[in-house]
Amino acid sequence: MAAPILLFDSGIGGLSVLAPVAALLPDAPLVYAADNAGFPYGTRTEAEIASRVPALLGRLVERYRPALVVIACNTASTIALGPVRAALNLPVVGTVPAIKPAAETSVSRVIGILGTAATVRQPYVDRLSTEFASDCRVLRHGSGRLVELAEAKLRGEPTDPADYARELDGLLDQPGGDDLDTIVLACTHFPLVAVELAAASPRRLSFVDGGPGIARRVAHLLRDTIWDTPRPAGIAVFTRADAHVDALAPALRSYGLTEIQTL
């Protein structure tokens, strides 16, 4: 197999990034790596993530020899992107909360950032808000529950609409929430349940995520690459084999990931 694109997340959230990458680069081989043994990252300490992610990606790069790595996880990117780039001798693309496009499209000038607790408290989010949304009121809410709901959805399990409404209320019930019109989905899991979030919203809201922008960056960095055709079967690699991985197999196949491996 030609050198693949390696996408990495703690769980299946990075599939929301894999999809636009696959659409822009239809011949590129893909390896999707999920650190389910360390899942979820949103409740781990910064020190744990900063040590765990570079070590895992070093092993993955040694095994799969990718052309490029995408850290398809907001939490891992905001904490470990620098150490990963320092450790690996190849392009590494991180995931940035889509605050800039949200601020550009908001009419009310009140936007919400919906991410994991670990992401929304990062100084990086402060800097992005200051740089790109200085004329907006920026509300934040950390949700671990939405990560669980996205994982459950892709395993084929039913989820309760009331759960989505409660997570939205974490933003909408804050001072200024009545005027909020745009929400940044600042965790790659959350676009996987964007339909459910929209259905649970008490009014029409716009949801913005970074997946399409990441895909364009990847395509630009690999613009001179000549891929073999047709694209080989995609690989999904997990850090632990368990029943949840087996339950994810149908969803993984729908994303072109037909071979499942364990690191």
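**Notes on the cysteines and the parallel sheet**

1. Cysteines first: the disulfide count comes to zero, taking a disulfide as a pair of cysteine sulfur atoms within 2.5 Å. This is a predicted model, where local features need pLDDT of at least 70 and side-chain atom pairs count only at pLDDT 80 or more, while totals for chains, interfaces and linings use all residues. Residues are numbered from 1 along each chain as its sequence is written, and side-chain values use heavy atoms, with hydrogens and water left out.

2. Take Cys187: the closest cysteine sulfur, in Cys73, sits 6.6 Å from its own sulfur, so that is too far for a bond. Cys187 is also buried, at 8% relative accessibility (buried is under 20% relative accessible area, exposed over 50%, partly exposed in between, with a 1.4 Å probe and protein chains only). Cys136 is buried too, with 12% relative accessible area.

3. Now the sheet: it is open, with four parallel-paired strands in the order 6-5-7-8. Strand 6 (137-142) and strand 8 (206-208) are the edges; each has a single partner strand, so one side of each lacks a neighbour in the sheet. On average, neighbouring strands are turned by 25° against each other, direction ignored. Strands here are DSSP E runs of at least two residues, helices H or I runs of at least four, numbered from the N terminus; pairing takes at least two DSSP bridges.

4. Strand 5 (residues 110-115) pairs with strand 6 in parallel over six bridges. Val110 stands opposite Arg137 in strand 6.

5. Helix 6 (residues 123-132) lies across strands 5 and 6, at about 155° to strand 6. Angles run from 0 to 180 degrees between N-to-C directions, using axes fitted to C-alpha atoms, for helices over the stretch in contact (heavy atoms within 4.5 Å).
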